[in-house]
Amino acid sequence: MIAVVSSCVAPSVLPSHDGARTTLTPEVRLQHTRGTVDSLLALGVKQIFVTDNSAGSWLVDRAAELAPARIIPFTQPPIRNKGIGEMWLLLGVLQHLPENEPVLKISGRYRVGPATELKLREGDDVVGKLYVHGRVRSLSTRCYLMRDRAVAARLWERTLDEIYAEAARIHGPRSLLRILQSSLRPARDRLRYGDPTAAVETAIYHAIRHLSLRLREVEHLDVEGIMGSWINEVVTE
(Lines give C-alpha, C1' and ligand atoms only; values in the text may rest on other atoms or scores of the structure.)
Protein backbone atom coordinates (compact mmCIF):
# COMPACT_ATOMS: atom_id res chain seq x y z
CA MET A 1 0.00 0.00 0.00
CA ILE A 2 1.10 3.56 -0.74
CA ALA A 3 -0.18 6.78 0.80
CA VAL A 4 -0.87 10.27 -0.48
CA VAL A 5 -0.91 13.11 2.05
CA SER A 6 -2.66 16.31 0.92
CA SER A 7 -0.89 19.12 2.70
CA CYS A 8 -0.18 22.81 3.13
CA VAL A 9 2.57 23.03 5.73
CA ALA A 10 3.52 26.66 5.08
CA PRO A 11 0.49 28.65 3.88
CA SER A 12 0.99 32.03 2.28
CA VAL A 13 1.39 34.90 4.74
CA LEU A 14 -1.24 36.81 2.75
CA PRO A 15 -4.81 36.60 4.09
CA SER A 16 -7.24 34.34 2.26
CA HIS A 17 -10.77 35.22 1.15
CA ASP A 18 -12.01 34.48 4.65
CA GLY A 19 -9.24 36.12 6.70
CA ALA A 20 -6.11 34.70 8.30
CA ARG A 21 -5.13 31.32 6.85
CA THR A 22 -3.83 29.82 10.12
CA THR A 23 -2.74 30.72 13.63
CA LEU A 24 -0.05 28.01 13.65
CA THR A 25 3.54 28.51 12.52
CA PRO A 26 4.95 26.43 9.64
CA GLU A 27 7.30 24.78 12.14
CA VAL A 28 4.34 23.49 14.18
CA ARG A 29 2.47 22.37 11.06
CA LEU A 30 5.60 20.55 9.89
CA GLN A 31 5.80 18.76 13.24
CA HIS A 32 2.16 17.72 12.87
CA THR A 33 2.77 16.42 9.35
CA ARG A 34 5.73 14.45 10.68
CA GLY A 35 3.16 12.77 12.93
CA THR A 36 1.08 11.92 9.85
CA VAL A 37 4.10 10.30 8.17
CA ASP A 38 5.05 8.36 11.29
CA SER A 39 1.53 6.95 11.63
CA LEU A 40 1.65 5.74 8.02
CA LEU A 41 5.02 4.10 8.53
CA ALA A 42 3.69 2.32 11.61
CA LEU A 43 0.80 1.07 9.48
CA GLY A 44 3.29 -0.54 7.09
CA VAL A 45 2.84 1.83 4.15
CA LYS A 46 5.51 1.21 1.50
CA GLN A 47 5.73 4.69 -0.04
CA ILE A 48 4.44 8.06 1.12
CA PHE A 49 3.87 11.07 -1.14
CA VAL A 50 3.22 14.47 0.44
CA THR A 51 1.55 16.63 -2.20
CA ASP A 52 1.85 20.14 -0.84
CA ASN A 53 1.01 23.69 -1.94
CA SER A 54 3.10 25.59 0.58
CA ALA A 55 4.20 29.06 -0.41
CA GLY A 56 7.66 29.34 -1.94
CA SER A 57 10.30 26.73 -1.16
CA TRP A 58 9.79 26.59 2.62
CA LEU A 59 8.86 22.89 2.75
CA VAL A 60 11.09 21.79 -0.12
CA ASP A 61 14.09 23.18 1.77
CA ARG A 62 13.12 21.03 4.76
CA ALA A 63 12.11 17.88 2.89
CA ALA A 64 14.54 15.75 4.91
CA GLU A 65 12.41 16.35 8.01
CA LEU A 66 9.60 14.30 6.48
CA ALA A 67 11.80 11.46 5.17
CA PRO A 68 11.22 8.86 3.88
CA ALA A 69 8.14 10.62 2.51
CA ARG A 70 8.60 12.21 -0.90
CA ILE A 71 7.54 15.86 -1.24
CA ILE A 72 5.62 16.77 -4.41
CA PRO A 73 5.34 20.59 -4.47
CA PHE A 74 2.39 22.15 -6.21
CA THR A 75 1.64 25.80 -6.96
CA GLN A 76 -1.95 26.98 -7.21
CA PRO A 77 -3.78 30.29 -6.84
CA PRO A 78 -5.70 30.98 -3.62
CA ILE A 79 -9.20 29.53 -3.62
CA ARG A 80 -11.95 29.63 -1.02
CA ASN A 81 -13.17 26.07 -1.57
CA LYS A 82 -10.50 23.92 0.09
CA GLY A 83 -11.98 20.81 -1.51
CA ILE A 84 -11.12 22.12 -4.96
CA GLY A 85 -7.61 22.95 -3.81
CA GLU A 86 -7.20 19.44 -2.46
CA MET A 87 -8.48 17.82 -5.66
CA TRP A 88 -5.90 19.70 -7.72
CA LEU A 89 -3.19 18.61 -5.29
CA LEU A 90 -4.27 14.98 -5.66
CA LEU A 91 -4.51 15.13 -9.44
CA GLY A 92 -1.04 16.67 -9.53
CA VAL A 93 0.52 13.71 -7.71
CA LEU A 94 -1.01 11.02 -9.94
CA GLN A 95 1.90 10.84 -12.37
CA HIS A 96 4.25 9.95 -9.51
CA LEU A 97 2.21 7.05 -8.14
CA PRO A 98 3.11 3.45 -9.00
CA GLU A 99 0.51 1.28 -10.71
CA ASN A 100 -1.37 -1.66 -9.21
CA GLU A 101 -0.85 -0.58 -5.59
CA PRO A 102 -3.65 0.31 -3.13
CA VAL A 103 -3.71 4.06 -2.48
CA LEU A 104 -4.54 5.48 0.96
CA LYS A 105 -5.42 9.16 0.92
CA ILE A 106 -5.08 11.08 4.20
CA SER A 107 -5.25 14.78 4.95
CA GLY A 108 -2.12 16.37 6.35
CA ARG A 109 -1.90 16.80 10.13
CA TYR A 110 -4.06 13.73 10.74
CA ARG A 111 -2.81 10.38 12.00
CA VAL A 112 -4.22 6.94 11.23
CA GLY A 113 -4.01 4.22 13.86
CA PRO A 114 -3.52 0.45 13.68
CA ALA A 115 -7.19 -0.22 14.47
CA THR A 116 -8.42 1.35 11.24
CA GLU A 117 -10.93 -0.67 9.25
CA LEU A 118 -9.69 0.80 5.97
CA LYS A 119 -8.72 -2.49 4.36
CA LEU A 120 -9.52 -3.70 0.84
CA ARG A 121 -11.44 -6.88 0.21
CA GLU A 122 -11.97 -8.70 -3.06
CA GLY A 123 -14.00 -6.49 -5.39
CA ASP A 124 -13.64 -3.24 -3.43
CA ASP A 125 -12.84 -0.05 -5.33
CA VAL A 126 -13.13 2.43 -2.45
CA VAL A 127 -13.24 1.92 1.32
CA GLY A 128 -14.31 4.77 3.56
CA LYS A 129 -16.56 6.22 6.23
CA LEU A 130 -20.01 7.30 5.07
CA TYR A 131 -22.13 10.02 6.69
CA VAL A 132 -25.89 10.37 6.24
CA HIS A 133 -27.75 13.61 7.03
CA GLY A 134 -31.34 13.21 5.91
CA ARG A 135 -31.24 12.65 2.16
CA VAL A 136 -27.65 13.89 1.86
CA ARG A 137 -24.84 11.32 1.84
CA SER A 138 -21.15 12.14 2.01
CA LEU A 139 -17.81 10.38 2.40
CA SER A 140 -15.20 11.39 4.95
CA THR A 141 -12.28 12.83 2.99
CA ARG A 142 -9.98 12.83 6.01
CA CYS A 143 -8.87 9.33 5.09
CA TYR A 144 -10.05 6.72 2.58
CA LEU A 145 -8.58 3.83 0.61
CA MET A 146 -8.71 3.08 -3.14
CA ARG A 147 -7.88 -0.05 -5.09
CA ASP A 148 -5.13 1.52 -7.24
CA ARG A 149 -3.95 4.58 -9.17
CA ALA A 150 -6.46 4.04 -11.96
CA VAL A 151 -9.38 4.17 -9.52
CA ALA A 152 -7.87 7.22 -7.80
CA ALA A 153 -7.54 9.06 -11.12
CA ARG A 154 -11.14 8.39 -12.11
CA LEU A 155 -12.46 9.28 -8.67
CA TRP A 156 -10.54 12.52 -8.23
CA GLU A 157 -11.27 13.76 -11.75
CA ARG A 158 -14.99 13.06 -11.39
CA THR A 159 -15.10 14.60 -7.90
CA LEU A 160 -13.73 17.85 -9.30
CA ASP A 161 -16.34 17.71 -12.07
CA GLU A 162 -19.07 17.18 -9.47
CA ILE A 163 -17.97 20.23 -7.46
CA TYR A 164 -17.99 22.49 -10.50
CA ALA A 165 -21.25 21.04 -11.87
CA GLU A 166 -23.24 21.58 -8.69
CA ALA A 167 -24.12 25.19 -9.52
CA ALA A 168 -25.54 24.18 -12.90
CA ARG A 169 -27.92 21.56 -11.52
CA ILE A 170 -31.60 22.03 -10.76
CA HIS A 171 -32.57 21.08 -7.21
CA GLY A 172 -35.88 22.87 -7.01
CA PRO A 173 -37.83 25.97 -8.13
CA ARG A 174 -35.26 28.47 -6.78
CA SER A 175 -32.29 26.89 -8.57
CA LEU A 176 -34.34 26.57 -11.77
CA LEU A 177 -35.26 30.26 -11.61
CA ARG A 178 -31.65 31.26 -10.98
CA ILE A 179 -30.40 29.22 -13.93
CA LEU A 180 -33.06 30.68 -16.24
CA GLN A 181 -32.31 34.24 -15.13
CA SER A 182 -28.56 33.72 -15.52
CA SER A 183 -29.05 32.30 -19.01
CA LEU A 184 -31.26 35.18 -20.12
CA ARG A 185 -29.21 37.90 -18.42
CA PRO A 186 -25.64 36.60 -18.06
CA ALA A 187 -24.27 40.07 -17.32
CA ARG A 188 -26.17 40.01 -14.01
CA ASP A 189 -24.92 36.57 -13.02
CA ARG A 190 -22.75 36.96 -9.90
CA LEU A 191 -22.22 33.28 -9.13
CA ARG A 192 -18.57 32.27 -8.56
CA TYR A 193 -18.39 29.44 -11.10
CA GLY A 194 -14.61 29.17 -10.75
CA ASP A 195 -14.79 28.91 -6.95
CA PRO A 196 -18.09 27.17 -6.10
CA THR A 197 -19.14 26.33 -2.57
CA ALA A 198 -20.10 22.66 -3.09
CA ALA A 199 -18.72 20.36 -0.39
CA VAL A 200 -16.05 17.90 -1.50
CA GLU A 201 -17.42 15.24 0.88
CA THR A 202 -20.76 15.19 -0.95
CA ALA A 203 -19.15 15.52 -4.37
CA ILE A 204 -16.88 12.51 -3.87
CA TYR A 205 -19.84 10.35 -2.82
CA HIS A 206 -21.72 11.40 -5.97
CA ALA A 207 -18.60 10.64 -8.02
CA ILE A 208 -18.44 7.12 -6.59
CA ARG A 209 -22.08 6.52 -7.50
CA HIS A 210 -21.89 7.99 -11.00
CA LEU A 211 -18.74 6.00 -11.79
CA SER A 212 -20.38 2.83 -10.41
CA LEU A 213 -17.39 2.23 -8.16
CA ARG A 214 -17.81 -0.43 -5.50
CA LEU A 215 -17.81 1.29 -2.12
CA ARG A 216 -17.39 -0.58 1.16
CA GLU A 217 -18.43 1.38 4.22
CA VAL A 218 -16.53 1.15 7.50
CA GLU A 219 -17.51 2.26 10.98
CA HIS A 220 -14.10 2.92 12.53
CA LEU A 221 -11.56 5.14 10.80
CA ASP A 222 -9.18 5.29 13.77
CA VAL A 223 -8.02 8.71 12.60
CA GLU A 224 -6.87 11.51 14.89
CA GLY A 225 -6.70 15.18 14.04
CA ILE A 226 -3.55 16.79 15.42
CA MET A 227 -4.47 20.12 16.97
CA GLY A 228 -2.28 23.09 17.79
CA SER A 229 -1.50 21.89 21.31
CA TRP A 230 -1.17 18.24 20.29
CA ILE A 231 -4.58 17.46 21.76
CA ASN A 232 -6.09 14.62 19.73
CA GLU A 233 -9.52 14.91 18.18
CA VAL A 234 -10.39 11.26 17.67
CA VAL A 235 -12.55 10.68 14.61
CA THR A 236 -14.41 7.44 15.13
CA GLU A 237 -17.93 8.33 14.05
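Helices (H or I, at least four residues) and strands (E, at least two) are DSSP runs, numbered from the N terminus. This is a predicted model, in which local features need pLDDT of at least 70, side-chain atom pairs count only at pLDDT 80 or more, and totals for chains, interfaces and linings use all residues. Residues are numbered from 1 along each chain as its sequence is written, and side-chain values use heavy atoms, with hydrogens and water left out.

**View 1. Helix α1 and the residue that follows.** Helix α1 covers residues 26–42, and its end C-alpha atoms lie 24 Å apart, which agrees with the 24 Å that its 17 residues should span at 1.5 Å a residue; the expected span is 1.5 Å times one less than the number of residues. After α1 comes G44, with a positive phi near 90°. Among the buried residues of α1 are R29, L30, H32 and V37, where buried means under 20% relative accessible area (1.4 Å probe, protein chains only). The buried residues of this helix pack against β1 (2–7), β2 (47–52), β4 (103–107), β5 (110–112) and β11 (223–226).

**View 2. The open sheet of 7 strands.** The strand order is β3-β2-β1-β4-β9-β6-β10, with mixed pairing; two strands pair if DSSP finds at least two bridges between them. At the edges stand β3 (70–73) and β10 (215–217), each pairing on one side only. Neighbouring strands are turned by 20° against each other on average, direction ignored.

**View 3. Strands β4 and β9 with helix α3.** Strand β9 (residues 143–146) pairs with β4 in the antiparallel sense over 4 bridges. C143 in β9 is the bridge partner of I106. Helix α3 (residues 149–165) lies across β4, β6 (126–128) and β9, and runs at about 125° to β9; axes are lines fitted to C-alpha atoms, for helices over the stretch in contact, and angles run from 0 to 180 degrees between N-to-C directions.

**View 4. The largest nonpolar core.** A nonpolar core is a set of buried Ala, Val, Leu, Ile, Met, Phe, Trp, Tyr and Cys residues joined through side-chain atoms within 4.5 Å. Of the 33 residues in the largest core, M87, L97, Y144, M146, L155 and W156 touch the most other members. The largest share, 7 residues, comes from α3. Leaving aside its neighbours within four places in sequence, W156 is in contact with M87, L90, L91, L94, K105, Y144 and M146; contact means heavy atoms within 4.5 Å.

**View 5. The second core.** A separate core of 25 residues includes V9, I48, I71 and V223.

Methods: Buried < 20%, exposed > 50% of the residue type's maximum accessible area, 1.4 Å probe, protein only.
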